[in-house]
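The following exercises concern one structure, shown below.

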Amino acid sequence: MLDVKVELYNTLSKKVEEFKPNEAGKVGMYTCGPTVYHYAHIGNLRTYICEDVLEKTLRFIGYHVKRVMNITDVGHLSSDGDTGEDKMLAGAKREHKSVMDIAKFYTDAFKSDAERLNIRWPDVVEPATNCIPEFIHMIEVLIEKGYAYIAGDNVYFDTSKLDDYYVLSSQNEEDLVVGARDDVDEDTNKKNKADFVLWFTRSKFENQELKWESPWGVGYPGWHIECSSISMKHLGEYMDIHCGGVDNIFPHHTNEIAQSESYLGHKWCNYWFHVNHLNTTNGKMAKSKGGFLTVDSLVENGYDPMVYRFFCLQSHYRKPLEFSYDALDNVKNAYDKLVNRLSKLASADEKAADQADFEKYELEFAKALANDINTSSAITVLYDVLKADISDSTKKALAIRFDEVLSIGLDKAFSDDASVGGGADGVDDELKSYIEEQIAKRAEAKKNKDFATADAIRDELLAKGIVIKDTREGTTWEVQ
């Protein structure tokens, strides 16, 4: 294990703390997974990229990490007041499919996006529909302990039983007054405004497709119960790190802590890791606003998904990140130059790397990441390596090692085709610029369904000896 002290900002304590797992050398990590009713947008995926870097940083340093993620394939409502839409049902209606067909399609789509962004698939991925018995058991125990009650045929968690329900968030009782927030609606069954649903038996959705038998009647679980149960099923009663977006802090993660620690009778999770929003000039990116961007959107516009990952890594995970195509273009240029620069090291023999130089920069890189996952500083170390007075073989070996965490496809620089995103040895800058301009025009033509123009651009480039290929990672080119 590298001699590095990992420090992380803990939402629970509101400060940066030294990370100390429950068991030396081992980390239990949980990620809130997607609700699979639509494609993930690039704002969702920023969170998963940052969580991926956290996991890979811990592995890089030498920890054994077990990461668990749920898949929300049970319909849940927009609020705990039995209001809003059931997202899974809305997706099924939109596409005239069954809920389970929708769940399968968008789970596969999410996994494909993860692969294209080099996000490591978690060690355990558990759909909520697999765990109904676990949900029911946990609710039964909460009722037995006096932390839950039945009202209006639904089961609610009683937040008045807790000394500090708002331990994770800065919310308070006044924030939950009806009309104070868009997502708060009156539920007359609740004893307290902050109480939340554990199990729905009586719902306004009479045509709810997914329902199960329970001690309280035929119904389905509330949203919050699934993450608590699934994490305990695979990670046990003590968890090291729980991850998610900042929008999960309240009420989702707040409610998870309430029900989990009431069920267990002790502290449940030590560190809470939250990633801030991806914004556009119009505010936070969200499916509900329509027009959201996906990985496919980026590819169709001529961007390698690795460019978007590189874009995310240049900002700290706790800061809001504003997306624009101009900003992405700047990152694309930097990424292309980085890959082309590394390609000049392709012939170096990594076995001849100088051990002392390698270990020096490996430790610098680890320390940058250990400082609350400071990816921009880690990228600076990579550039420092390229400028350093060390052997090419050492530079190559370090780039390959660093990419175990960065995962921005630096290995392509050392492959036979180092032209993804533009460039190949022996091609001058003027020709490179022309090729990239034509590829961008072709992407725009394809976006506008002007396939004749797209084909004409391909043929024109071919006549000049430039072969282009459309791949899942973007458009590549090479000189014949």
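**Salt bridges and the open sheet**

Across the whole structure, a search finds 22 salt bridges, a salt bridge being a side-chain nitrogen of Lys or Arg within 4 Å of a carboxyl oxygen of Asp or Glu. The model is predicted: local features need pLDDT of at least 70, side-chain atom pairs count only at pLDDT 80 or more, and totals for chains, interfaces and linings use all residues. Residues are numbered from 1 along each chain as its sequence is written, and side-chain values use heavy atoms, with hydrogens and water left out.

**Exercise 1.** Determine the strand order of the open sheet and state which strands stand at its edges.

*Solution.* 
Step 1. Helices (H or I, at least four residues) and strands (E, at least two) are DSSP runs, numbered from the N terminus; two strands pair if DSSP finds at least two bridges between them.
Step 2. The five strands follow the order β5-β4-β3-β10-β11, and their pairing is parallel.
Step 3. β5 (124-127) and β11 (269-275) each have a single partner strand, so one side of each lacks a neighbour in the sheet.
Step 4. From one strand to the next, the twist averages 20°, where axes are lines fitted to C-alpha atoms, for helices over the stretch in contact, and angles run from 0 to 180 degrees between N-to-C directions.

**Exercise 2.** Characterise the surroundings of Arg401 and its salt-bridge partner.

*Solution.* 
Step 1. Arg401 belongs to helix α12 (residues 392-406).
Step 2. Its relative accessibility is 16%, so Arg401 counts as buried (buried means under 20% relative accessible area, exposed over 50%, partly exposed in between; 1.4 Å probe, protein chains only).
Step 3. Beyond neighbours within four places in sequence, Arg401 contacts Leu2, Phe60, Phe358 and Glu362.
Step 4. Arg401 forms a salt bridge with Glu404 (2.6 Å, N to O); both lie in α12, three residues apart, about one turn of the helix.
Step 5. Glu404, at 44% relative accessibility, is partly exposed.

Technical notes: Contact = heavy atoms within 4.5 Å.
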